[in-house]
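Here are my notes on this model.

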Amino acid sequence: MFDKDFSQVDWEKVKQGQLIRQSLGSEWIRLTGLAPGMRVMDIGTGPGVFTRMYAEAVGEMGRVYALEKSPQAMAFLRRELQDLKNVEYVLADAEQGFGEVPKVDVVFITDVLHHVDTPGKIFRNISRVVSEGAKVLVAEYDPTAPGEVGPPLEVRIPLGDLQQMAVAAGFQIVETGTRDHEHYYVVLQR
Ligand SMILES: C[S@@+](CC[C@H](N)C(=O)[O-])C[C@H]1O[C@@H](n2cnc3c(N)ncnc32)[C@H](O)[C@@H]1O
């Protein structure tokens, strides 16, 4: 059964799922041009496999703002990433806002939006935190894929709906595409 709000979740299992999809993280880093020294926000980190990849890509001079709504996921994340010095932890609901964070160069929000009630609100909040020219990478499970992995097809967000929400929040669509593990991605810019 689909666990929309992660009330029944085993975060170690979620981590194993992220490890299986790790190649997507490298793709997302490439698509955004993430580079040493950049400031990046990862919204809805879960157990942090991708967050670690972003922290390694931006290096000691960069910063990752790791935003998570679930206190349990945040506790797991802090343990997982305790060796990293360039991660700031933000416990917040992305639908409500991000609190006090500086402007960032790249935002990742991957496999989060099909868990929320009002994705449009999150796009509006992202638009307030991005610096000039920043890129936003959104990735989701594709409802036109076979449905052999991932959440049920009926809870997945059609690419067109996601694009409409992003444009309504003032973003331009730079690039879209499909990837392994039944995923699509959209790169946005203000
Ligand atoms: C399926 S996991 C995805 C984790 C990771 N981004 C990935 O690509 O594997 C979704 C995560 O988003 C978090 N989340 C869901 N709604 C959120 C919200 N409104 N604000 C912040 N985090 C949220 C959940 O607690 C969960 O950890």
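1. Terms first. Buried means under 20% relative accessible area, exposed over 50%, and partly exposed in between (1.4 Å probe, protein chains only). Helices (H or I, at least four residues) and strands (E, at least two) are DSSP runs, numbered from the N terminus. The model is predicted: local features need pLDDT of at least 70, side-chain atom pairs count only at pLDDT 80 or more, and totals for chains, interfaces and linings use all residues. Residues are numbered from 1 along each chain as its sequence is written, and side-chain values use heavy atoms, without hydrogens and water.

2. Start with strand E5 (residues 130-141). Nine of its twelve residues are buried, so E5 is largely enclosed by the rest of the structure.

3. Val104 faces Val130 of E5.

4. Now the largest pocket. Its volume is about 1200 Å³. A pocket here is an open set of points on a 1 Å grid over the protein atoms alone, where a 1.4 Å probe fits, with protein on both sides within 12 Å along at least five of seven lines; lining residues have an atom within 4 Å of a point. The volume is the space filled by probe spheres set on the points, which are joined across faces, edges and corners.

5. The lining has 47 residues; Phe6, Trp11, Val14, Asp111 and His115 are the closest to the pocket centre. Helix H1 (11-20) is among the elements that give two or more residues. H1 gives the largest share, seven residues.

Notes: Two strands pair if DSSP finds at least two bridges between them.
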